[in-house]
Amino acid sequence: MEHENSTGVMEFVLLGLSQTREIQLFLFVLFLIFYSVILPANILIILTIRGDPHLGSPMYFFLANLAFLDICYCSVTPPKMLADFFSCHKTISYGGCMAQIFFIHFLGAAEIFLLMGMAFDRYVAICHPLRYASMMSREVCCALVGAAWAGGFTHSILQVALIIRLPFCGPKELDNFFCDITQVIKLACTDVYVLEFFMFFSSGLSTVMCFLILLISYAVLLVRLRAGDPSKGTSKVASTCVTHVIIVFIMFSPAIYIYCHPFHSFFLDKVVAVFHTVVFPLMNPIIYTLRNKEIISAMKRLLGRHGNFIIHIE
């Protein structure tokens with residue numbers, strides 16, 4: 001191997017989702033159809049929220065940022081996964097592997113912090129409705145989003161800083177379709193028991209704690225709404241909270257499964273990884289949109305305006 005770096009390994013071999021050619025082609029078509037439909041839908045959500053003055057509340061501002069984060073997150077591993085379906089020798093360079101790990105943890109942690117910001121927004125809306133406009137000003141919302149990105153970056157850079165110091169001298173096969181940090185550290189030519197414990201606490205237990213905090217927060221808010229005066233507005237806020245809870249379950253369940261057992265591998269790891277990195281992220285904004293009549297109406301207005309404009313040009 002020419003010009004080997006200090007790790008002794010210049011690339012890792014990805015075993016992928018399947019070794020059977022027919023299954024690989026089927027998965028390629030399946031994921032390609034999924035992306036062709038869901039990815040434009042997420043872009044449409046962002047364009048709708050940015051272009052409609054009726055959707056200027058902090059709730060929709062956070063949703064647009066959530067959709068943008070999910071689009072970025074699903075741009076880290078799926079493009080290479082789709083390309084590898086046509087490759088007989090699936091490899092990723094050492095630098096590319098470290099970059100995948102960095103961006104997966106960067107964007108994933110940023111989304112967790114953003115979900116906590118969205119929970120704070122619902123808390124202010126329900127518990128301090130008269131002060132909502134002042135407490136959730138544009139500056140505060142931008143600060144929360146910026147804090148989410150900064151928190152994700154800090155979390156990710158700590159993970160990569162520890163892994164990049166590990167020596168890799170072989171073997172170099174990863175039984176996955178991307179560089180999963182829990183598998184990469186097992187290939188190091190040194191004892192990584194302490195590092196696995198650190199990963200377990202920094203990624204696994206921290207994710208569980210955030211998950212429990214969000215669930216408890218929304219449970220308290222829903223109980224408070226139930227105890228208040230029933231009205232159309234209250235029902236709408238409660239529906240929004242329920243949607244947030246659904247997104248929290250979708251976002252956190254695979255992450256908890258993956259990062260709370262870093263010491264062992266299970267047969268469902270690949271399946272959960274696909275849902276965690278490919279399917280669920282793009283589905284989060286869609287689920288929110290399907291339960292929100294205001295966004296659907298705004299989308300229809302946006303598509304109607306552009307449709308009439310195209311017809312007028314023709």
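What is the helix and strand content of the chain over residues 237-259, and how far apart are the end C-alpha atoms? In this model, which is a predicted one, that stretch is 100% helix and 0% strand, with its end C-alpha atoms 33 Å apart. For residues 98-120 the span is likewise 100% helix and 0% strand, and there the end C-alpha atoms lie 33 Å apart.

The mean pLDDT of the chain is 85, and 92% of its residues reach 70 or more. Among the elements of the chain, helix α6, residues 138-163, has the highest mean pLDDT, at 94, whereas helix α11, residues 293-313, has the lowest, at 69. Over residues 309-314 the pLDDT is below 50, and this stretch has zero contacts in the model beyond near neighbours in sequence. Residues 1-5 also fall below 50, although that stretch has eight contacts beyond near neighbours in sequence.

Let me turn to the sheet. It is an open sheet of three strands in the order β2-β1-β3, and the pairing is mixed. The edge strands, each pairing on one side only, are β2 (91-93) and β3 (173-174). Strand β1, residues 11-14, pairs with β3 in the parallel sense over two bridges, and valine 13 has glutamate 173 in β3 as its bridge partner. Helix α4, residues 94-127, packs on the sheet, where it touches β1 and β2, and its direction makes about 85 degrees with that of β2.

Finally, the salt bridges, of which the count comes to five; I will go through three. Arginine 301 and aspartate 52 meet through their side chains at 2.7 Å, N to O. Since arginine 301 lies in helix α11 and aspartate 52 in the loop between α1 and α2, the pair ties together parts that are 249 residues apart in sequence. Aspartate 52 counts as buried at 7% relative accessibility, while arginine 301, at 37%, is partly exposed.

The second pair is aspartate 175 with lysine 270, at 2.8 Å, N to O. Here the loop between β3 and α7, which holds aspartate 175, is tied to helix α10, which holds lysine 270, across 95 residues in sequence. Aspartate 175 is partly exposed, at 41% relative accessibility.

Lysine 186 sits in the loop between α7 and α8, and glutamate 196 in helix α8, so the parts they tie together are ten residues apart in sequence. Glutamate 196 is buried, at 8% relative accessibility, and lysine 186 is partly exposed, at 36%.

How values were computed: Residues are numbered from 1 along each chain as its sequence is written. This is a predicted model: local features need pLDDT of at least 70, side-chain atom pairs count only at pLDDT 80 or more; totals for chains, interfaces and linings use all residues. Side-chain values use heavy atoms; hydrogens and water are left out. Helices (H or I, at least four residues) and strands (E, at least two) are DSSP runs, numbered from the N terminus. Two strands pair if DSSP finds at least two bridges between them. Contact means heavy atoms within 4.5 Å. Axes are lines fitted to C-alpha atoms, for helices over the stretch in contact, and angles run from 0 to 180 degrees between N-to-C directions. pLDDT is the predictor's confidence in each residue, from 0 to 100. A salt bridge is a side-chain nitrogen of Lys or Arg within 4 Å of a carboxyl oxygen of Asp or Glu. Buried means under 20% relative accessible area, exposed over 50%, partly exposed in between (1.4 Å probe, protein chains only).
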